[in-house]
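Please look over the notes below with the structure open. They cover a sheet, a helix pair and two further helices.

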Amino acid sequence: MRVLFLTSRFPYPPVGGDKNRVFHFIRALSRAGHEVHLVTFDAAARSRSKDAIAPLTTLLASLRVVRLPVVFSAARAFLALPGAFPLQAAYYRSSRMRARVTEALERVKPDVVYTHLFRMAPYALAEMSRYPAAWVLDLTDVISSEIARSLDYRGLLDRWLYRVEGRRIAAYEREVAPRFDRCWVVGATEARALTALAPGARIEVVPIGVDGEAREEPRGARHPATILFYGYHRIFHNRDAARFLARDIFPLVRARIPEAKLEIAGKASHSLGAITRGEGIRDLGYLADPGEAFARATVFAAPHRFAAGVQTKVIQALDAGLPVVTTPIVREGLEPVPRDLLRVGESAEEIAAEIVALIRDPALASELGARGQEWVRSRFRWEDAVRAFEALGC
């Protein structure tokens, strides 16, 4: 097949759930023998060397990049405030992107057009009546639902702005989802949310996968009493979870296990500020190979108080054989999941107690990690995404 990808962010390096999903879709399709073309925005286009992005470009039949000047994009979002269009979508308005998409459709004549996230939907909707391809919109998560869950944790001005934006996004999701041949989401919980919002949409669950490369390499013994948090810290639900862990949960763990350590890893961790400099806390920053941190930790903590969909970081932890302590909202996104596979708490006290129990019982931690690894490798496969694409292209 010829598959054209339309994305709002350059999908390499695959840091963050969205970029990770797109990059691995591209890689899996290319390795399966399909011809993949990419048209993408990139705010950092001028700073990327050819060698640095070679792991992506070698998979592609063609690449077209549209620069995304942050100042102009922010101005477009600001000017959209008086209307009803989502500010996120207004941020990505671009006549250059419209021209690039038109050119790519005429040149590639794709069998499938993959549109990533609702912010790229306007470019697909403008062209789909003229091209007899299969058009898929990958919402991944129902963003309006996540925004609604986050409101109680935001400041007053933020809360007002995101309440308005959440309503706009919900209306736009409801409008555009039924207009595509298929609408993909990452899990069953998101499928139910989108069905309730847009009952006319043709919805499919297309999960993420685990990488499967170099995961069997020996990494050494796990460090004792080491808690790991990993994520992209510019995303609000990750920032809130990291702060909740460092300020409220970790001190309770240290009171019972004084030698406990907390490692906070991931891009933009410096933006968390002073919490990463607390006693027993280590800021690892961006990791080119996060597998080393996963391999040495005792337990992975994902204390997200709000979120949407499947948390990629939890899948990565399970794939690394690491026991996971998390919250009901994260567990819900992984359904159907065996009841006793994750340790779940809601309050700081409950989460701390689960972490302490796993640190004090290495046999239980090892057993949970092994079962988690087996479950995630049986359920989350990039090959399933290839089959979903192939079903569209037939």
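1. Six strands form an open sheet in the order β10-β9-β8-β11-β12-β13, with parallel pairing. Strands are DSSP runs of E with at least two residues, helices runs of H or I with at least four, numbered from the N terminus. Two strands pair if DSSP finds at least two bridges between them. The edges are β10 (281–285) and β13 (343–344), each pairing on one side only.

2. This is a predicted model: local features need pLDDT of at least 70, side-chain atom pairs count only at pLDDT 80 or more, and totals for chains, interfaces and linings use all residues. Residues are numbered from 1 along each chain as its sequence is written, and side-chain values use heavy atoms, with hydrogens and water left out.

3. β8 (residues 226–230) and β9 (residues 261–265) pair in the parallel sense over five bridges. Thr 226 has Lys 261 of β9 as its bridge partner. Helix α12 packs on the sheet, touching β8, β11 (299–302) and β12 (324–326). Contact means heavy atoms within 4.5 Å.

4. α12 (residues 312–319) also packs with α15 (residues 362–379), at about 115 degrees and with axes 7 Å apart. Axes are lines fitted to C-alpha atoms, for helices over the stretch in contact; angles run from 0 to 180 degrees between N-to-C directions. Ile 315, Leu 318 and Asp 319 of α12 take part, with Trp 375 and Val 376 among the α15 residues.

5. In α9, Thr 189, Glu 190, Ala 191, Leu 194 and Leu 197 are buried (under 20% relative accessible area, 1.4 Å probe, protein chains only). Their packing partners include α8 and α13 (328–333).

Note on methods. Buried means under 20% relative accessible area, exposed over 50%, partly exposed in between (1.4 Å probe, protein chains only).
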